[in-house]
Amino acid sequence: GETTLDAMVMDGQQMRVGAVANLRFIKEAISVARHVLDYTKHTLLVGDQATDFAESMGFTRQNLSTSRNEEIMNNWKSNNCQPNYRRNVLPKPEVSCGPYEKIETEPLRNYQVLTPFDEHNHDTIGMIAIDKQSNIAVGTSTNGLTYKIPGRVGDSPIPVINYKF
């Protein structure tokens, strides 16, 4: 029920990347990713340490949840946590919120992957910029999916190419 954010920026000229994942309590995830690029020799910071880094860079901690988030989460739980992204587990995720245990005895291919993506539960955005010297910069930012498994990182990789037109 908590909002976490993922973001990444790439600089094609320098072939460098800055990213944050599972960022909590900081609204400007793409700006924090830019700070990783500009102010560290690292590529990716995650979780509470990404939040700590953001605060050390002057970003303000704030609650990212709203009363609407709470309502959605409560409805989801009362609807047996449907949809969700579990598979190959018991109890069956179609009827239960867990706790889940993996199934060892049944082949994985017998399970259908649940992919409830639509315009209401996925908000990844990607940006590509090319300057007058044909330098390319790329960024992506997401809070991923509604009902995602805690710890899930947005899977929206964008390749960067240092290419002159």
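In this predicted model, Asp38 is partly exposed, with a relative accessibility of 40%. Its salt-bridge partner is Arg34, and the closest N and O atoms are 2.8 Å apart. Arg34 is also partly exposed, at 45%. Both residues belong to helix H1. They are spaced four residues apart, about one turn of the helix.

Six salt bridges were found in the whole structure. Three residues, Glu2, Arg24 and Asp48, are linked in a network of such contacts. Glu2 and Arg24 meet through their side chains at 2.7 Å, N to O. This pair connects distant parts of the chain, 22 residues apart. Glu2 lies in the segment before S1, and Arg24 in the loop between S2 and H1. Arg24 also forms a salt bridge with Asp48, with the closest N and O atoms 2.7 Å apart. Here the two residues are 24 apart, and Asp48 sits in helix H2 (residues 47-56).

The strands were examined next. S1 (residues 5-11) and S2 (residues 16-23) run antiparallel and are joined by six bridges. Met10 has Val17 in S2 as its bridge partner. The two strands form a hairpin with four residues between them. In the turn, Met15 has a positive phi of about 55 degrees. S2 also pairs with S3 (residues 44-46), in the parallel sense, over three bridges. Ala19 stands opposite Leu44 of S3. Together, S2, helix H1 (residues 29-39) and S3 make a β-α-β unit that is left-handed.

Methods:
Residues are numbered from 1 along each chain as its sequence is written. This is a predicted model: local features need pLDDT of at least 70, side-chain atom pairs count only at pLDDT 80 or more; totals for chains, interfaces and linings use all residues. Side-chain values use heavy atoms; hydrogens and water are left out. Two strands pair if DSSP finds at least two bridges between them. A crossover is right-handed if, with the strands pointing away from the viewer, the path from the first strand over the helix to the second runs clockwise. A salt bridge is a side-chain nitrogen of Lys or Arg within 4 Å of a carboxyl oxygen of Asp or Glu. Buried means under 20% relative accessible area, exposed over 50%, partly exposed in between (1.4 Å probe, protein chains only).
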